[in-house]
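Here are my notes for someone opening this structure for the first time. Have a look at it, then read on.

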Amino acid sequence: MGDIFLKLITGFEHALSLQNLGFCLMGVFIGTLVGVLPGIGPITAIALLIPFSFGLEPMTGLIMLTGVYYGSMYGGSTTSILIRTPGEVASIITTLDGYEMAKQGRAGPALSTAAIGSFIAGTFSIIGLMFLSPIIAKGAYYFGAAEYFLLMVLSLSMISSLTTGSVLKGYISTLLGLAIATVGIDPQSGVNRFTFGNTNLLDGIDFVLFAIAMFAVPEALSNMAKKGNEYKTDVQKIQGSLWMTRDDWRKSIGPYGRGSVLGFLIGALPGIGPSLASFLSYAMERRLSKHPEKFGKGAIEGVSGPESANNAGVGGALVPLFTLGIPGSATTALLLFIFMMYGLQPGPGMFETNSTLIWAIIASMYIGNVILLLLNLPLVGVFASILKLPTVPLFVGVLAFSVIGVYALNFNQFDLFMLLIFGIVGYLMQQSNIPLAPAVMALVLGPLLEQNFRRSMSISNGDLFIFFERPISLALIILIVLVVIVPNIVLLIKKWRQKGVPPHRLGIRG
Amino acid sequence: MKDNSVKGRILFFIVMAMTLVLSACSSASSPSSGNGANDFYSKGRPVTLIAPAAPGSGWDVTARALNTTLEKERLIDFPLQVVNEPGATGAVSLSQLATQDKGDAYSVSITSTPIMSNYLRGDSKYSYKDVTMIARLVTEYYMVVVPKDSPYKSLKDLIDAVKKNPKSVSIGASGDDRLPFALLVNEEGGNPQKINYITYEGGGEISNALLNGDLDAAVSGVSEFRGQVEAGNFRGLAVTSGKRLGGVVKDVPTASEAGVDVTFGNWRGLMGPPDMPKEAVTYWQDTIDKALKTDTWKDFVKKNQWETTFMKGEEFQQYLNESNSDIKTGLQKTGEIK
């Protein structure tokens with residue numbers, strides 16, 4: 001234990017050198033920017049900085065590039081909250097309550113809680129990375145195809161948490177998302193599905209594109225569609241303090257802690273990443289809340305939890321990279337490549353062979369998180385003032401921003417047609433009060449659900465028993481039963497006792 | 001109120017400007033004073049080097065290695081910028097190159113075997129014949145690995161098990177990585193169509209699935225498994241090269257040594273748009289020939305377990321035709337095409 005602190009202190013000595021500190025600042029600043037910009041994610045920014053980083057010392061370069069990675073998680077929430085345009089996949093869920101808060105004039109507290117939650121969770125996940133890496137890494141690799149499938153079932157069955165209105169409409173939206181998720185080459189068989197011979201559809205529909213089309217475009221269109229006086233009164237006002245109230249703090253403390261732990265654990269699972277962490281955190285907060293009906297209507301917990309979870313997810317994602325040399329996501333795969341370009345091989349033994357470097361990076365992450373907090377809190381006021389723009393110029397700007405963001409994904413014009421088409425679909429859905437979030441989450445989770453089910457079936461030779469035979473899969477099944485099925489039965493029994501109506505007459509609501 | 005809205009607008013423009021700065025970031029990286037005689041490319045106008053896949057992928061690594069070599073060794077005197085155009089293993093990027101950049105000399109792209117397999121499967125309208133194939137750079141070989149405590153001690157053990165009961169042996173392989181293993185099984189008289197392939201997103205996920213026991217064996221580019229072999233977590237059963245590779249995998253036998261006479265490599269090269277000017281093609285061939293002989297490049301090759309296999313002109317065309325028919329045979333044997 002003392003050994004770890006000694007190493008950490010050495011790490012700080014390196015990380016606090018003027019040069020490393022400067023590049024750490026630069027990394028987290030660029031990270032914040034790319035987080036804010038939809039379409040340009042951490043992966044693009046890191047790729048763009050590679051030629052530049054070759055001229056640097058390995059330690060300095062890696063400190064800067066990891067800074068971009070965790071810095072982007074801070075910025076991602078900003079546009080979600082202000083203009084309903086998620087900057088990153090991991091911030092999709094933040095649009096639900098964050099944007100509602102902004103509409104109620106509480107953009108300040110929403111942005112503040114996102115920044116503070118990010119700081120707390122970011123710091124927590126570094127502590128986790130220091131002390132728990134070996135254990136977490138072991139646990140994470142016991143997650144096989146069967147476990148992933150069950151985790152997706154659990155996540156998707158919580159999708160009702162995302163709907164505030166009609167349950168039926170929530171399912172319509174979910175099914176739309178799942179249907180869209182099947183477009184493209186099926187990886188297991190190589191068969192093309194619903195591509196209509198179009199090369200651009202072979203890889204399916206990008207979920208950042210879809211999220212922007214579903215959230216930003218309909219919101220912009222419906223705001224601009226309002227007539228005359230209607231929209232004049234609709235200019236958003238900032239009410240009260242930009243800072244969080246005592247009540248906000250009280251409500252947020254729990255979600256910070258739970259989001260940090262959940263995000264760190266989920267983040268360590270290869271192939272899943274911070275997006276699922278933020279989504280599960282939202283669902284969990286809603287289940288635990290005494291006022292679940294307030295979710296989707298501007299509940300601060302709906303911002304605090306997910307924004308903590310996605311930041312903790314970054315620390316989690318570094319666990320398998322540092323300890324096993326296994327990249328869990330495209331971004332960590334790119335970091336792995338950069339390690340190798342510097343002649344380092346992440347993986348078993350990395351903590352011993354490159355001790356100084358690893359501990360300097362870890363120390364720089366502590367520093368980076370503090371810088372990010374100091375950088376982001378003053379920006380809250382600046383960002384929040386964007387909402388004082390009159391509706392039309394603001395939302396024309398949002399549309400322009402969406403187009404640039406989507407084009408920056410692949411530099412492909414076809415993506416812009418898709419943005420237009422799905423934007424109109426989203427607008428029609430919004431007009432019919434069909435919730436949009438389930439469709440987006442289903443598109444993110446659908447492929448993981450399907451591919452892992454089919455992998456499990458191939459591995460087990462079609463034997464469904466694979467879902468019960470391992471300890472983790474069994475635990476997940478029990479969790480699904482407890483979280484999804486039991487509450488419904490309890491609810492039915494309660495209603496039946498109260499009213500004397502037989503359960504089958506009641507609508508089941510999950 | 002008015003003041004604030006002005007501030008908001010200014011902020012909006014700042015953010016926009018940052019977008020531009022960011023996207024221009026890589027082109028701004030030091031154009032050097034070159035020493036190669038170059039009449040074709042002017043000093044100012046930047047050239048785009050397309051990596052038709054996501055950052056971190058094999059194509060991206062190749063593109064960035066080439067870019068770094070050219071800049072570090074001062075072989076070019078114009079800015080060269082790597083742009084990622086991911087989509088459908090290169091088919092999306094290829095259709096743009098083949099249709100929109102005709103006769104142009106300012107976009108070149110990394111290419112490799114999927115340009116053939118995509119076309120043969122019908123996933124792409126364009127093949128290597130629809131663009132200008134400039135040169136071959138490197139060849140990457142495949143490795144078959146099993147977890148360290150696997151009952152399969154040799155390549156033959158594994159293939160025998162696949163022949164006996166294909167369903168019970170799950171093989172991790174993504175996309176075109178299935179081909180080399182299919183050829184190995186075919187050589188030993190097994191039916192490649194019955195192999196129980198399980199596809200994952202990338203090498204990281206495959207490694208994980210081997211560690212947790214979901215997979216019995218896997219096949220992928222040598223560099224994907226290098227770290228795990230070095231750490232002793234995986235055992236390499238065979239590499240598909242003609243002779244043994246060096247470094248970490250120097251103890252892994254070739255397939256022929258393991259008793260299965262198959263060699264199969266994935267070449268990577270550079271291509272340009274259709275009707276690319278002759279001078280430009282010659283320029284790239286000469287420059288690349290120089291670049292591949294530098295220490296910077298040799299270092300990349302060593303780290304990634306590639307083999308530099310430069311080839312151009314008639315010889316390259318002939319090689320491409322052979323490679324194409326090999327892949328066609330492979331796809332027919334796996335039953336992917338008729």
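1. In chain A, the axes of helix H7 (residues 145-157) and helix H21 (residues 471-499) come within 9 Å and cross at roughly 10 degrees. Axes here are lines fitted to C-alpha atoms, for helices over the stretch in contact, with angles running from 0 to 180 degrees between N-to-C directions. Helices (H or I, at least four residues) and strands (E, at least two) are DSSP runs numbered from the N terminus. H7(A) and H21(A) are therefore roughly parallel to each other (angles under 35 degrees count as such).

2. Who does the touching? H7(A) brings residues including Leu150(A), Leu151(A) and Leu154(A), while H21(A) brings, among them, Leu476(A), Ile480(A) and Val484(A). Being in contact means that C-beta atoms, placed from the backbone, lie within 7 Å. By class, this contact has 12 nonpolar, two polar and one charged residues: Ala, Val, Leu, Ile, Met, Phe, Trp, Tyr, Cys and Pro count as nonpolar, Asp, Glu, Lys and Arg as charged, and the others, Gly among them, as polar.

3. This is a predicted model: local features need pLDDT of at least 70 and side-chain atom pairs pLDDT 80 or more, while totals for chains, interfaces and linings use all residues. Residues are numbered from 1 along each chain as its sequence is written, and chains are lettered from A and ligands numbered from 1 in the order in which they are written.

4. Helix H21 of chain A also holds Lys494(A). Lys494(A) counts as exposed because it has 10 C-beta neighbours inside 10 Å (exposed is 12 or fewer, buried 20 or more).

5. Chain B has 11 helices and 10 strands, and 51% of its 338 residues count as buried.

Terms used. Angles under 35 degrees count as roughly parallel, over 145 as roughly antiparallel, 65 to 115 as roughly perpendicular and the rest as oblique. Two residues are in contact if their C-beta atoms, placed from the backbone, lie within 7 Å.
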